[in-house]
Amino acid sequence: MDNYKKTFSIRQWNEDDRPREKLMLKGKIALSDAELIAILIGSGNREETAVDLAKRILNSVDNNLNQLAKLNVENLCEFKGIGEAKAISIITALEIGKRRRLEQALINPKITSSKSVFNVMQPIIAELDHEEFWVLFLNNSNIIINKQQVSKGGITNTLVDVRVVLKKAIELSAVGIVLCHNHPSGKHNPSDSDKKLTKKFVAASNLLDIQVLDHIIVTQDTYYSFADNSLMRL
């Protein structure tokens, strides 16, 4: 079968069998996730093209690349047509993507919305299996001048010292802060303790003329904004 395919020009193949050519002709943005993975694995098996195999792999994780990135070599090798080398290629590509997003997150951008906070923090804390509490310290132009992990906890909670955070804000001459933490459970709705902590921060910050702009709860795919849901009032 492989020899038979090699007798034809790649332009004669079914489009699903030639994502490389599609990338060359239309650019990388034109390729689906399955087509990109198909390029990584190169070939399928006797029953499936590389694209069909890639689609099946993605379907097993609900077409979620973050979930795919959690699979190890053994998990991927359970799919017929995926050996150790192909599994390593997939894992490597996803890790490079993650590190690229992390590098972008390390750049201190201007905060313009809750989504911009999510874009900064998602690569840092979204995939953790424990809770971490971070604070973004902003200048008067809402540009991040520092971001810092202030607490690290277990699966369901983390303890935060409001005084330590505000002391750091004063040292940095920050005029605003954004509170951020992750929920490893994947549920982004705030708990009662999240709400109480936010109110505690707002009350203490007001006395120091420092504004708490938002509190963002981060999960792998989405986030919850206290400000967007009118929960930043005392």
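Which are the buried residues of helix α2 (residues 19-26)? They are Pro 19, Glu 21 and Lys 22, where buried stands for under 20% relative accessible area, exposed for over 50%, and partly exposed for anything in between (1.4 Å probe, protein chains only). These three cover an arc of only 155° around the axis, which puts them on the same side of α2; the arc is taken over the directions from the helix axis to the C-beta atoms. Helices here are DSSP runs of H or I with at least four residues, strands are runs of E with at least two, and both are numbered from the N terminus.

Before we go on, a word on the model. It is a predicted one, in which local features need pLDDT of at least 70 and side-chain atom pairs count only at pLDDT 80 or more, while totals for chains, interfaces and linings use all residues. Residues are numbered from 1 along each chain as its sequence is written, and side-chain values use heavy atoms, with hydrogens and water left out.

Let us step back to the whole protein. Its secondary structure comes to ten helices and five strands, and 38% of its 234 residues count as buried. Among contacts (heavy atoms within 4.5 Å) with a separation of 6 or more, 57% join residues 24 or more positions apart.

Now back to α2. Its buried residues pack against α3 and α4 (50-59). One of them, Glu 21, meets Arg 18 in a salt bridge through their side chains, at 2.4 Å from N to O. The term salt bridge asks for a side-chain nitrogen of Lys or Arg within 4 Å of a carboxyl oxygen of Asp or Glu. Glu 21 counts as buried at 8% relative accessibility, and Arg 18 is buried too, with a relative accessible area of 19%. Just after α2, Gly 27 takes a positive phi of about 95°.

Next comes helix α7 (residues 84-106), which holds both Glu 95 and Arg 99, four residues apart, or about one turn of the helix. Their side chains meet in a salt bridge of 2.9 Å, N to O. Glu 95 is partly exposed at 31% relative accessibility, whereas Arg 99 is exposed at 55%. Ala 85 lies in α7 and is exposed, with a relative accessible area of 58%; its C-alpha atom is separated by 9.0 Å from that of Val 73, twelve residues apart along the chain. Ala 87, also in α7, is buried at 0%. Leaving aside residues up to four places away in sequence, Ala 87 touches Val 73, Leu 76, Cys 77 and Ile 82. The C-alpha atoms of Ala 87 and Cys 77 are separated by 6.5 Å.

Helix α9 (residues 162-171) includes Ile 170. Together with Leu 207 and Leu 208, Ile 170 forms a nonpolar patch on the surface, with about 330 Å² of accessible area in total. Patches are made of residues with over 30% relative accessible area and no salt bridge, with like charges joined within 9 Å and nonpolar side chains (Val, Leu, Ile, Met, Phe, Trp, Tyr) within 5 Å. In α9 we also find Lys 167 and Glu 171, four residues apart, about one turn of the helix. These two form a salt bridge, their closest N and O atoms being 2.7 Å apart, and both are exposed. A search of the whole structure finds eight salt bridges.

Rings of Phe, Tyr and Trp (its six-membered ring) pair if their centres lie within 6.5 Å; planes under 30 degrees apart count as stacked, over 60 as edge-to-face, and the rest as tilted. Tyr 224 and Phe 226 have ring centres 5.7 Å apart and planes at 90°, so the pair is edge-to-face. Tyr 224 counts as buried at 13% relative accessibility, and Phe 226 is buried at 0%.

Note on methods: Areas by Shrake-Rupley, 256 points an atom, 1.4 Å probe, with all protein chains shown as cover.
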